[in-house]
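Take a moment to turn the model around before reading on. We will go through the structure step by step.

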Amino acid sequence: MTVLTLGIYRFWMKTRLRRWYWSAIRPGGHPLEYVGDPWEKLLGFLIAVVILAFYIGIVNLILMFLSFSLFQGNVAAYALSLVGVIPLWFYAQYRARRYVLARTRWRGLRFGLEPGAWGYAFRALTHWTLTILSLGLLWPRMTFWLEKYKTDRTFYGNARMVQEGRWTMLYPALRWIAVALALALCAAAAFASDAQLGAPLAAAAFASGLYGLVFYRIESLRLLTETKRLGDMRLAFDPSAMRVLVIQGLGYAATVAILLIPFSVLGIALLGVQSLELLAEMDIDAPIPELGAVPRVALVAISLALYFTIFLMWSAFTHVFVTMPTMRHFALNLAILNADDLRALRQRPRDDAEQAEGFAEALDVGASL
C-alpha cells in the first residue's frame, strides 16, 4: 500500500504498527493503547515540508551568495547548511517523543511531555560539543542530562516523572569500550613488530568494541530506568546486552539472507536490460527470441518493482526478526514497583501536539516506534 500510494500510506502503516505493538505490551494485564491519527501525521508532515523548504531554500540562497562572495566556492555554504540543520534534527526528535507520549494511554490515563523542543535542541548541541571536545570522556554526562531533561518533563496522568541518580553512575557501563580501546592500542603496538600477533588483537578489539557499544546502550538504559520515579512508584529493569546483541545480529543476518533472493533477481533483470541494449546497438539478435520481444519499458518496470520490494521486505523482516523480539525482551524484563499508588492518579488534559511528527518524518530522524 505504501508503494502503490507513492508513500502516503506510510502514516497509516506506522499507526497500525504502533497500535499492534502497544496492545501487545500489557503491564499487569492492562494493555497499552496508541490513539494516534494518521491524518495528524500526514498534515504535520506536509506543514513541516513547507516550512523546511522555505527555511532551507532561503538560508541556502544566502549561504551560497556569501560563500561565493567570500571564498569563491560553495564548500563553506554546504558545511554551514549542514550545521544549520542539526538543531532542527534534535528539535524534531523531542517533538516526535512528545507526540507519541500524548497519544499513548495506559489504564485510560494519558502520558504527556511538556513543550521544550528548542531547549532540548540547545542542550543536545552543547552536550555533543563537549563530548566531542573531550574525545568521548563526557559521553555518560550527555546521556544522563539529555535523558533527565526529557524524563523530568514527562507525565503519566497528573503525576510528573523524575529522573534521579548522577551522571557518573554511567561510567561503569563503558568498561567494555575501555577494554576495546586497550586491545586496539596493543594491536597497534603488535603490528609494529609482528603482524601475525596484531591481527587477532585487532579482531578482539573490534568484537569488544561492538559488544561495548551494545552493552553501554543497554546498561545505561537499565540504570536510567531504575532511577526513574513517579511518586513512590519505581521501575525494575533487567535486560541482557548479550541477548540483545544476539537478537539483532541474527535478525539482521536472517533479513539480509532473505533479501539475497530479490537482490539476485534484480541484478539479473538489470543485466538483461543492459544486454538487450548492447545487442541492439551491435545489430545482433537476442539469443533468446522471447527475451528480445519483451519491451524495454516492461523490464524497467519489473526492475523498479523489485527495487521497492526489497525495501518492503527489509521493513517487514526487520520487524519480525529484530524489532519485535527486542521489544518483547525489554517488556518481559520490566516491572513496576509500588504500583498501588496508580489508583490515586487522575487524567491529564489532552495535548494537541500540533504538527504531530512532521519534522521527524521530513528529516528522517529515526522516530519510528
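**A walk through the chain**

Asn338 is partly exposed, because its relative accessible area is 49%. This is a predicted model. Asn338 sits in the loop between β8 (334-337) and α11 (358-363). Its backbone has a feature to look for: phi of Asn338 is near 55°, a positive value in a residue other than glycine. Arg107 also has a positive phi, about 55°, although it is not a glycine. Look for Arg107 in the loop between β2 (104-106) and β3 (109-113). The relative accessible area of Arg107 is 38%, so Arg107 counts as partly exposed.

Now step back to the whole chain. It has 11 helices and 8 strands. Of its 369 residues, 36% count as buried. The accessible surface comes to about 21400 Å², and 70% of that belongs to carbon and sulfur atoms. Next, consider contacts between residues at least 6 apart in sequence. Of these, 72% join residues at least 24 apart.

Go inside next. In soluble globular proteins, nonpolar side chains tend to be buried together. Which residues have the most contacts inside the largest nonpolar core? They are Tyr156, Leu230 and Leu345, in a core of 31 residues. Several elements each supply at least two residues of this core, among them α1 (10-24), β1 (32-34), α4 (117-133) and β5 (159-163). Helix α3 gives the largest share, 7 residues. A second, separate core has 8 residues, including Phe144, Leu174, Tyr216 and Leu224.

Stay with Tyr156 for a moment. Beyond its neighbours within four places in sequence, Tyr156 is in contact with residues including Trp106, Arg107, Leu109, Leu230 and Leu345. Leu109 is one of these partners, and Leu109 lies in strand β3. Is Leu109 buried or exposed? Leu109 is buried, because its relative accessible area is 13%. Leu109 and Gln347 are 238 residues apart in sequence, yet their C-alpha atoms are 5.4 Å apart in space. Setting aside residues up to four places away, Leu109 touches Thr104, Tyr156, Gly157, Leu345, Arg346 and Gln347.

Take Lys41, in helix α2 (residues 38-71). Lys41 has 1% relative accessibility, so Lys41 counts as buried. What does the side chain of Lys41 make a polar contact with? The partner is the side chain of Thr15, at 3.1 Å. Beyond four places in sequence, the residues that Lys41 touches include Phe11, Arg18, Tyr34, Tyr99 and Glu357.

Charges also meet in pairs. Side chains of opposite charge can pair when their charged atoms come close. The count here comes to 14 salt bridges. In one of them, the side chains of Arg97 and Glu147 meet at 3.8 Å, N to O. Arg97 is in helix α3 and Glu147 in helix α5, 50 residues apart, and the pair links distant parts of the chain. Arg97 counts as partly exposed, because its relative accessibility is 29%. Glu147 has 16% relative accessibility, so Glu147 counts as buried.

A further salt bridge joins Asp351 and Arg98, with the closest N and O atoms 2.9 Å apart. Asp351 is in the loop between β8 and α11, while Arg98 is in helix α3, 253 residues apart. Both Asp351 and Arg98 are buried.

Arg234 forms a salt bridge with Glu164, and here the closest N and O atoms are 2.8 Å apart. Arg234 belongs to strand β7 (residues 233-237), and Glu164 to the loop between β5 and α6 (175-193), 70 residues apart. Arg234 is partly exposed, because its relative accessible area is 30%. Glu164 has 24% relative accessibility, so Glu164 counts as partly exposed. Salt bridges can also share partners: Glu40, Arg103, Arg350 and Asp352 are joined into one network in this way.

Val3, Leu304, Tyr307, Phe308, Phe311 and Leu312 make a nonpolar surface patch of about 560 Å². Pick out Leu312, in helix α10 (residues 296-332). Leu312 has a relative accessible area of 43%, so Leu312 is partly exposed.

Technical notes: Residues numbered from 1 in each chain as written. Predicted model: local features only at pLDDT ≥ 70, side-chain atom pairs only at ≥ 80, totals over all residues. Heavy atoms only, no water. Patch = residues over 30% accessible without salt bridge, like charges linked within 9 Å, V, L, I, M, F, W, Y side chains within 5 Å. Areas by Shrake-Rupley, 256 points an atom, 1.4 Å probe, with all protein chains shown as cover. Salt bridge = Lys/Arg side-chain N within 4 Å of Asp/Glu carboxyl O. Helix = DSSP H or I, 4+ residues; strand = E, 2+ residues; numbered from the N terminus. Buried < 20%, exposed > 50% of the residue type's maximum accessible area, 1.4 Å probe, protein only. Polar contact = N/O pair within 3.5 Å; in protein donor to acceptor, adjacent residues only side chain to side chain. Contact = heavy atoms within 4.5 Å. Core = buried A, V, L, I, M, F, W, Y, C linked by side-chain atoms within 4.5 Å.
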